[in-house]
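Hello,

Here is the structure I promised to pass on to you.

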Amino acid sequence: MKVTLERGALLKSLSHVHRVVERRNTIPILSNVLLQAKDGALLLRATDLDLEITESVAADVGQAGATTLPAHTLYDIVRKLPEGGQVSLETAGDSGQLLLRSGRSRFNLQSLPESDFPDLTAADLTHRFSLPAADLKKLIDKTQFAISTEETRYYLNGIFMHTTEVDGHMMLRAVATDGHRLARVELPAPAGAAGMPGVIVPRKAVAEVQKLIEDLSAEVVVEMSTTKARFTFGPVVLTSKLIDGTFPDYTRVIPVGNDKRLTVDCAPFAAAVDRVSTISSERGRAVKLALSEGKLTLSVTNPDSGSATEELEVDYDAAPIDIGFNARYLLDITSQLDSDTALFKLADPGSPTVIQDRDGAAALYVLMPMRV
Amino acid sequence: MPVRRLDPILVDRIAAGEVVERPASAVKELVENALDAGARRVEIVIEQGGRKLIRVVDDGAGMSAADLELAVERHATSKIPDGDLSNIATLGFRGEALPSIASVAHVEIHSRHAESSHGSMIRVEDGRKRPVAPAAHSAGTRIEVRDLFAATPARLKFLKTDRTEAQAVADIIKRLAMAHPQVRFALTGDNLSGLEFSACPQGPEGLLTRISQVLGAEFRDNALEVNAEREGVRLTGFAGLPTYHRANAQAQYFYVNGRPVRDKLLHGALRAAYMDYLPSDRHPALALFVQCDPRIVDVNVHPAKAEVRFRDPGLIRGLIIGALKQTLGEAMHRATTTGGSRTIDTLARRNFGSAPQFGAAPIRPAANWDWRSSPAAPAPFNAGLAEAAQAAFSHMPAADTRAHESAPAPDLLDRPLGAARAQVHDTYILAQTRDGIVLVDQHAAHERLVYERLKREREASGVARQLLLIPIVVDLDSSEVDRVMDNREALADLGLVVESFGPGAVAVSEVPALLKSGDIARLVRDVADTLAENGSATSLERRLDHVLATMACHHSVRAGRRLTGEEMNALLREMEATPGSGQCNHGRPTYVELKLSDVERLFGRK
Ligand SMILES: Nc1ncnc2c1ncn2[C@@H]1O[C@H](COP(=O)(O)OP(=O)(O)OP(=O)(O)O)[C@@H](O)[C@H]1O
Ligand SMILES: [Mg+2]
């Protein structure tokens, strides 16, 4: 194999793929990135066996071929090479050595044979659709914070994506919950999505997709089967295994009869929650919301450091109610809302509360109260 | 095969298995008899772990010829005077021990009743009683048991090595000796290093002496006297400081009305009381005595009398936890003296063990340090330990007449932890008291203070609970489900709300907010386990405390942070005001005190 390409282009691709590689690996080949030169491009691929990222970058291919190199080392080398240079990679016969040259720098790197590199590539992806990167970003950004990190209920460790019909329109939904709160975001389903299997995209894949969207804004092609999902962002392809489990029937925990409606201005509300919770020390960071007509009183009591209260004028005319929430959770949710007002639908201090944008559109959140 | 009556000798052997399962249990019965007979001296000799020979000699009341005749018969006893099993004040009460032993060994008893002029003896061989014969003997009783289990090879097979059996005998003697400080005990034999506990005076001082004979002299310096009473039940004894911990629970001695017992209830209470001060894999050393009306405790529930049953277990548990917590709380200002004197010992050894080597002496002043110009102000003092130590010494009243220049307010000197004089290595606070110096580990101390504060907060406002959107179903076996459901209310107080979910599971609907992101199913299973073990949810409390401790660790001043004089004094004062602050959350001391006399020893002045 002999290939030459721009240092900048190589660095960018490596920065995408090397993140997948775990720092500590018991299987040596998994520490490596696969390099494949052919047809005027260099293809890079890394995997942790659950997740694989492939990227192809234009290159001057002197001799087609393939090998693998330690991913983090290669990334660090290329990162430290001077900007604007060319990098050439050349395998040296059967020795297993690879010569990397750039300007006056020369590195002899030990490679591992490409034939050992695992192939995660999925055949039979049954469903295929494309959507604007901004839409995918919205689905992920607004639900990701609610993903559970607790491992016994592993089926909550990802975002559940599926399609469903709402009022005669086919919608694409993303749902995440950690058992305390739930986030649900929906968009009109892109062509080809209808009938796709409901899939749980694991947290790590979600985080990588999120980072790739930041870098590469374009259309994203999504492909699915019951076991794998693939996201194609132009030259970058991310393939992930899915969580093999059943997402709970979340529709049952979204209350429909909550009749106490509260409308608040997001920014002042969040600022007030943040202020009063300053003294809540660590005990679960509970903040109490006391609602009466036109008025919301936020309060936190900490027997050791004192108490804090703050009043807000709000739009509320139902019966008075006192209800406690985790301050962090309230802030997480209000920061996700698009409109400048938030609509709370409450029932009682022991039941789930629904929080939505003013227009009640794309995003819906369910939050379980605290007893304090 | 036709049904037939068992040979009475065989019947006795079968029954004996319940009372005498190994040499140590025979020894226990014999020594208990001696104690019941009012002995002041008990001497025990064993050979081959007690298999070949057990000899117990006492100077107690002794037996007449007629007593001897009866003593080896089943159900013959001189105890339970009024025939009331619910009112037992002696160790023996069944009239079972001697005949049981006699049915599985050769037994020879020599005895003389205190009031009779001559002694008698009796022999039982192969389960057959020989006639009583006159024999010379001084007042008291001597019993020899030979070839234990020779006729029951099956039981013999279950015995461990002679060494292990001898160890078990020694253990029994220790247990009995603790409860009878005024009695002299001596145990000798092969496979054994021998025990000798001389008679101790009556009262707490005598008891402490006896416990120290058994557990080692260091116990005395680390012991706290326990003395409490609730509804007519008395708890006395000595509890070891948490810093004096052990790797196993061997050094824990419990007595109910003078009877050694091993009891889950008692051990559970003990664990709960020490919970705050000890990591879960360390164990305190202690000897506790419950004294109560014999009618509220049933001692007749275990063949070897090792277990008892209280009519009101909650009362006993509450008494023990309450008394221990209070004693420990009050004592936490006493840094373990082993810490202080151990330091002195190491220093002293290094210094004086060989000819003085100035190059290696750990407390020599730095070469460029001028003791005359050191003000040793209570401000932060960025100097090596050597200088700081010297600085502090230079202010001891007798050592330096200029002390008044920067002398701290005298009232601070009178405080238990004294006046802060310097911070060394940005890690330790050096404080001066009237009669010594105190070295405080600032991180460990502050961590403990934060922990105690968080706990107070929890107690004051209850445990905040997060309600669950999706209940967590936890599979348990049916008895576990019952246990968890029986304790629903106590668990809810700790923030865990459960509902029953069929015979084999519970559903959790609310969890302590502090633990909301943890593995709740495992928590519930652990809780079910501790409920089975000691009837309370210590594992949940411990888990909560652990979270508090971790938070405390993150919120406390680290080693390496420079503190001002005010900050240091404030820390010392808060430590004094906070029970339990003498220990960090991991059971290590937060400070060490050196008395002036220790320091003087260090300099070879004394
Ligand atoms: N060392 C001794 N000194 C004086 N009397 C003794 C001694 N050992 C035994 N006896 C007498 O022999 C009796 C029988 O002893 P044994 O141990 O068999 O029964 P116990 O002590 O009454 O009851 P238990 O079976 O509960 O021990 C005792 O009640 C006691 O009167
Ligand atoms: Mg007896």
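This is a predicted model: local features need pLDDT of at least 70, side-chain atom pairs count only at pLDDT 80 or more; totals for chains, interfaces and linings use all residues.

Let me begin with chain B as a whole. There are 20 helices and 23 strands in chain B, and of its 606 residues 43% are buried. If you take the contacts in chain B with a separation of 6 or more, 69% of them join residues 24 or more positions apart.

Next, the interface. On the chain B side, 21 residues are in contact with 28 residues of chain A. Two elements of chain B, α14 (442–461) and β20 (465–475), each give two or more residues to the side that touches chain A. By type, that side of chain B divides into 10 nonpolar, 3 polar and 8 charged residues. β20(B) also pairs with a strand of the other chain: β27 of chain A (residues 370–371) runs antiparallel to β20(B), over 2 bridges. Within β20(B), Gln466(B) is the residue opposite Met370(A).

Finally, the ligand. There are 23 residues around ligand 1, and those that come nearest are Asn33(B), Ala37(B), Thr77(B), Gly92(B) and Ala97(B). The elements that contribute two or more residues to this shell are α2 (23–36) and α4 (97–103) of chain B. α2(B) supplies the largest share, with 4 residues. Sorted by type, the shell around ligand 1 holds 9 nonpolar, 8 polar and 6 charged residues.

Best wishes

Conventions: Residues are numbered from 1 along each chain as its sequence is written. Chains are lettered from A and ligands numbered from 1 in the order in which they are written. A residue is near a molecule or strand if its C-beta atom, placed from the backbone, lies within 6 Å of it. Ala, Val, Leu, Ile, Met, Phe, Trp, Tyr, Cys and Pro count as nonpolar, Asp, Glu, Lys and Arg as charged, and the others, Gly among them, as polar. A residue is buried if 20 or more other C-beta atoms lie within 10 Å of its own, exposed if 12 or fewer, and partly exposed in between; C-beta atoms are placed from the backbone. Two residues are in contact if their C-beta atoms, placed from the backbone, lie within 7 Å. Two strands pair if DSSP finds at least two bridges between them.
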